[in-house]
Amino acid sequence: MKSRHGLGGRMVQNQNKSMPALRAWTSNTSEIGKRMGNQLILDSCLLGLRCVASVLMIHHGLEKLADPSGFTQFIVDQYFSFLPFDHILWTYLAGYTQVIGSIALLLGVASRPALIGLASTMVFAMVFHGLDSGLEGAPFAVVEAHNYQYETSALYLAIFVVLAVTGSGSLSIASLYRNALPDWAKAWV
């Protein structure tokens, strides 16, 4: 390599020989940074989704627990009369699942069992809305209330299924103790 600066050309030439190693190192470092940044973005999105879904779902559980006999009389007795045992037990089960499951999901503790319980309450909610009002001409009909009765339950169910598949992410309490658990239990936290 020729240089206009005489001996300085040799120095530039020696620096250029070391540049591929430096480029490879900086490339690997930036890839790691990108992956860590992407993972942090993903975990932040999971945390946001967990927080929003949990805070909103707690209301539904508290509503059931505030008037268990009313929910049992107007929902469980009318639409789920085939269920065994005293029907008020099913109301309490749904209410406590929605409250305790939401808290567990919010904190990121035992998220998958909580999500299975929460998703099951949404399946029952969708069955109720399907029996009560049907599909209401979905997806093209404009209904009087401007949303389909089953819409909220369907959205919750979709959120709970996605979170059950992805897990709670690294921004959760479970991430602090997950590695101390046996392999079979890691998937459940």
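These questions and answers cover the helices, cores and loops of a predicted model.

User: How many helices and how many strands does the protein have?
Analyst: From the N terminus on, the elements run α-α-α-α-α-α-α. The count of strands is 0, and the count of helices is 7.

User: What share of the protein's residues counts as buried?
Analyst: Buried here means under 20% relative accessible area. The protein has 189 residues, and the share of them that counts as buried is 29%.

User: Among contacts between residues at least 6 apart in sequence, what percentage joins residues at least 24 apart?
Analyst: Contact means heavy atoms within 4.5 Å. Take the contacts in the protein between residues at least 6 apart; the part that joins residues at least 24 apart is 64%.

User: Which residues form the largest nonpolar core?
Analyst: In soluble globular proteins, nonpolar side chains tend to be buried together. The largest nonpolar core here has 12 residues. They are Leu46, Ala53, Met57, Leu105, Leu115, Leu118, Ala119, Met122, Ala125, Tyr156, Phe160 and Leu163.

User: Which element gives the most residues to this core?
Analyst: The elements that give two or more residues to this core are α1 (8-66), α4 (111-133) and α5 (151-166). The top contribution is 5 residues, and it comes from α4.

User: Which residues does the second, separate core include?
Analyst: The second core is separate and has 5 residues. Among them are Ile75, Phe80, Leu83 and Phe128.

User: How are α4 and α5 oriented to each other?
Analyst: Their axes come within 9 Å and cross at roughly 155°. The crossing of α4 and α5 is left-handed. Angles over 145 degrees count as roughly antiparallel. Therefore α4 and α5 are roughly antiparallel.

User: How many nonpolar residues does the contact of α4 with α5 have?
Analyst: On the α4 side, the contact includes Arg112, Leu115, Val123 and His129. On the α5 side, it includes Ser153, Tyr156, Leu157 and Thr166. By class, the contact of α4 with α5 has 1 charged residue, 3 polar and, for nonpolar, 14.

User: Is Ala164 buried, partly exposed or exposed?
Analyst: Ala164 lies in helix α5. Its relative accessible area is 24%. Buried needs a value under 20% and exposed one over 50%, so Ala164 is partly exposed.

User: Leaving aside neighbours within four places in sequence, which residues is Ala164 in contact with?
Analyst: Ala164 is one of the α5 residues that meet α4. With neighbours within four places left aside, its contacts are Arg112 and Leu115.

User: How far apart in space are Ala164 and Trp188?
Analyst: In sequence, Ala164 and Trp188 are 24 residues apart. In space, C-alpha to C-alpha, the separation is 9.3 Å.

User: How are α2 and α3 oriented to each other?
Analyst: Helix α2 covers residues 68-79 and helix α3 residues 87-107. Their axes come within 9 Å and cross at roughly 110°. Angles of 65 to 115 degrees count as roughly perpendicular. Therefore α2 and α3 are roughly perpendicular.

User: How many charged residues does the contact of α2 with α3 have?
Analyst: The α2 residues are Pro68, Ser69, Phe71, Thr72, Val76 and Asp77. The α3 residues are His87, Ile88, Trp90, Thr91 and Tyr92. The contact of α2 with α3 divides into 6 nonpolar, 4 polar and, for charged, 1.

User: What is the phi of Phe85?
Analyst: Most residues other than glycine have a negative phi. Phe85 sits in the loop between α2 and α3. At 66% relative accessibility, Phe85 counts as exposed. Phe85 is not a glycine, yet its phi is positive, about 70°.

User: Where is Ala110, and what is its phi near?
Analyst: Ala110 is in the loop between α3 and α4. Ala110 counts as partly exposed, at 30% relative accessibility. Its phi is positive in a residue other than glycine, near 50°.

User: How many polar residues does the contact of α3 with α4 have?
Analyst: The α3 side includes Ala94, Thr97, Gln98 and Leu105. The α4 side includes Ser111, Ala114, Thr121 and Met122. By class, the contact of α3 with α4 has no charged residues, 7 nonpolar and, for polar, 7.

Definitions and conventions
Residues numbered from 1 in each chain as written. Predicted model: local features only at pLDDT ≥ 70, side-chain atom pairs only at ≥ 80, totals over all residues. Heavy atoms only, no water. Core = buried A, V, L, I, M, F, W, Y, C linked by side-chain atoms within 4.5 Å. Buried < 20%, exposed > 50% of the residue type's maximum accessible area, 1.4 Å probe, protein only. Helix = DSSP H or I, 4+ residues; strand = E, 2+ residues; numbered from the N terminus. Axes fitted to C-alpha atoms, helices over the stretch in contact; angles between N-to-C directions. Parallel < 35°, antiparallel > 145°, perpendicular 65-115°, else oblique. Left-handed = near helix turned anticlockwise from the far one by under 90°. Nonpolar A, V, L, I, M, F, W, Y, C, P; charged D, E, K, R; others polar.
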